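Biologist: Please walk me through this structure, one feature at a time. Start with the spaces inside.

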Amino acid sequence: MFKKKHGDKARPDLAAFQREAEKVVAKWYGVHNPDVGQEYLLWQSRFDYNPERDRAAYELALSALSRRPKISILMPVFNPVPSDLYQAILSVEDQLYPNWELCIADDASTDMRIKDILASAAARDDRIKVVYRDENGHISAATNSAFALATGEYTGFLDHDDILREHALAEIVIALDEKPETEILYSDEDKITRIGKRFEPLFKPDFSPDLFLAMNYLNHFTVHRSDNIRRVGGWRKGFDGAQDYDLNLRIVETIDRRKIVHIPKVLYHWRAAHQSGASGLQAKGYAHIAARKSLEEYVGRAGLSATVEPVEGLPYFRIKRDIPQPGPLVSLIIPTRDMLPVLRSCIASILEKTTYTNYEILIVDNDSREPETLDYFVRVTADPRIRVLKFPGVFNYSAINNFAVGEARGTVLGLINNDTEVISPDWLSEMVSQVVRPEIGCVGAKLLYPDETIQHAGVVLNSTGAAHVHARVPRASAGYSGRLAVCQNYSAVTAACLLVRTAIFHEVGGLDAENLAVAFNDVDFCLKVREAGYLNLFTPFALLYHHESLSRGSDESPEKRARSLKEIAAMQARWGAKLRKDPFYSPNFATDSHNFSIRTF
């Protein structure tokens with residue numbers, strides 16, 4: 001009832017288009033038969049939109065909207081495979097939400113069948129507008145031509161060979177009804193072959209500013225408030241291939257990041273076709289060049305002292321930030337109790353490998369007894385950068401660090417486990433360059449087990465506290481969608497190697513020595529920092545080994561198990577429902593694993 005029916009004019013015969021598409025597919029090996037994966041098939045059957053099951057609920061929700069804004073969909077067109085274009089247009093016509101307009105700019109296509117398809121579409125539905133450009137101006141110019149037709153309050157983008165799910169615009173307007181102040185919305189996406197096989201879903205986090213500066217992960221399906229597009233001047237010539245990234249950067253830098261809404265549902269199918277961006281980096285190398293140019297201009301506009309570097313072997317980027325001069329004094333706090341070989345390796349690796357020079361080391365001795373350890377303390381403090389502080393009594397990681405912070409001289413604190421070992425000499429330079437940013441709270445490093453697998457690359461929340469993502473993944477892996485290779489925001493990072501400004505440590509009250517003596521104190525601390533308005537950051541460009549918990553030992557004794565359960569209860573009591581919804585980890589991933597495996601039950 002709510003959905004506008006098509007006009008009386010008949011649609012062209014899809015079968016003819018499909019036969020031609022199959023010929024094209026046959027020339028490109030592999031695309032017609034990608035590895036979909038059993039997990040994604042299960043996810044689709046259990047959690048994805050199902051018209052027969054879900055359409056009525058969406059229509060009911062649409063009927064209850066307090067407002068029905070018009071959504072303009074922009075489609076620049078240049079010589080697509082006719083069947084792909086036809087299906088892209090139909091995917092808009094079939095939307096459950098009817099208050100849309102499809103604004104198409106044909107960029108002087110040379111295939112006359114394209115003009116026939118566009119003319120037929122405009123004739124059968126008055127919500128479809130078409131402009132025919134006299135000369136090919138490439139995608140930025142064509143998108144601007146399409147936008148010139150737009151009258152909607154919000155504007156979304158659809159490539160000429162992709163598919164919009166029928167509930168896509170319904171999801172957009174429902175989200176806008178809940179949060180009318182929203183400036184940008186984006187959804188999850190997947191890829192689709194010409195025979196309709198879906199694969200490689202991209203399940204995204206809520207808005208992560210640092211991940212966004214590494215890649216345009218917003219991508220498909222993104223919807224902007226139209227006035228923001230006009231305000232920044234639309235799409236710029238010279239950024240073709242990364243024109244939407246350039247636009248997104250220019251808008252995002254001017255709005256409150258809290259007004260960017262992620263819809264964690266697959267609303268868009270990206271066509272995996274020869275020379276499509278979905279087919280890989282090599283197909284559109286020029287887009288990578290344009291994206292780098294967009295980031296470099298962003299760095300200039302923001303007045304950052306930084307350079308943009310490509311991530312080796314991946315279509316992503318690193319914003320390499322300079323350190324203010326003079327660099328801040330960093331107080332590296334290292335609790336210990338004997339375990340001299342481990343401690344000695346840790347201290348030696350810092351002293352011998354670290355290129356950043358303005359630091360002090362505070363070794364906090366928690367009742368060491370071995371003569372070799374005590375003798376080492378005497379010898380090592382001959383170095384003026386090192387002090388040994390005494391903290392007697394039962395091991396309480398939070399209390400030890402809180403005490404040491406009171407003795408620290410630095411404006412930046414480094415919480416460092418005694419079982420860590422430096423790998424990359426510039427680890428501290430990288431972490432300092434991030435932690436001095438006003439918006440950043442805690443900064444965590446990439447930590448490896450001695451067997452060269454991942455120990456820490458960010459922490460996500462769960463009902464019992466938290467877990468490390470990408471755990472035990474090989475060091476050389478890029479991780480899920482390149483996430484092991486780029487800077488990004490997480491809810492928490494491990495205090496095995498964590499930097500934070502001293503002022504922030506005091507602002508949030510330090511670590512919880514009363515309720516979280518051993519476990520989860522770092523997660524709790526990071527959440528307090530996040531609640532105070534700061535972003536926590538993981539950087540893969542600071543690399544260390546972590547011989548995890550060699551000093552503390554396991555939690556297998558009855559006493560330790562009881563303490564662990566008490567600390568889990570404390571986390572649940574303090575953070576409640578926030579532990580069950582991590583903004584930086586998709587609800588489409590399994591809750592019993594934190595290696596970005598797809599949820600199946």
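Modeller: On a 1 Å grid over the protein atoms alone, a cavity is a set of points where a 1.4 Å probe fits but cannot get out. A pocket is an open set with protein on both sides within 12 Å along at least five of seven lines. Lining residues have an atom within 4 Å of a point. Points are joined across faces, edges and corners, and a volume is the space filled by probe spheres set on them. Here, the largest cavity holds about 120 Å³ of space.

Biologist: What should I know about the model first?

Modeller: The model is predicted: local features need pLDDT of at least 70, side-chain atom pairs count only at pLDDT 80 or more, and totals for chains, interfaces and linings use all residues. Residues are numbered from 1 along each chain as its sequence is written, and side-chain values use heavy atoms, with hydrogens and water left out.

Biologist: How many cavities of 30 Å³ or more does the structure hold?

Modeller: Three. The largest has 14 lining residues. Phe 157, Asp 159, His 220, Gln 243 and Asp 244 lie nearest its centre. Helices and strands are DSSP runs numbered from the N terminus (helices: H or I, at least four residues; strands: E, at least two). Strand S1 (71-77), helix H6 (138-147) and helix H10 (243-252) each give two or more residues to the lining of the largest cavity. H10 has the largest share, three residues.

Biologist: And how much space lies in the second largest pocket?

Modeller: About 1,300 Å³. Its lining counts 45 residues, with Asp 206, Lys 581, Asp 582, Pro 583 and Phe 584 nearest the centre. Strand S9 gives the most to the lining of this second largest pocket, six residues.

Biologist: Next, strands. Which strands pair with S8?

Modeller: Two strands pair if DSSP finds at least two bridges between them. S4 (residues 154-157) pairs with S8 in the antiparallel sense over three bridges. In that pairing, Tyr 154 stands opposite Arg 225. S6 (residues 184-192) also pairs with S8, antiparallel, over three bridges. There, Ile 184 has His 224 as its bridge partner.

Biologist: Are the faces of S8 covered or open?

Modeller: Both are covered. Buried means under 20% relative accessible area, exposed over 50%, partly exposed in between (1.4 Å probe, protein chains only). Thr 222 and His 224 are buried on one side, Val 223 and Arg 225 on the other.

Biologist: Now cysteines. How many disulfides are there?

Modeller: A disulfide is a pair of cysteine sulfur atoms within 2.5 Å. The count here is zero. The sulfur of Cys 346 is too far for a bond, because the closest cysteine sulfur, in Cys 497, is 9.1 Å away. Cys 442 is in no disulfide either, with the sulfur of Cys 526 nearest at 3.8 Å. Cys 346 is buried at 1% relative accessible area, and Cys 442 is buried at 0%.

Biologist: What does the side chain of Ser 349 reach?

Modeller: A polar contact is a pair of N or O atoms within 3.5 Å; within protein, one must be able to donate a hydrogen and the other to accept it, and residues adjacent in sequence count only if both atoms are side-chain atoms. The Ser 349 side chain reaches the backbone nitrogen of Val 422 at 3.0 Å. Ser 349 lies in helix H12 (residues 340-353). Its relative accessible area is 5%, so Ser 349 is buried.
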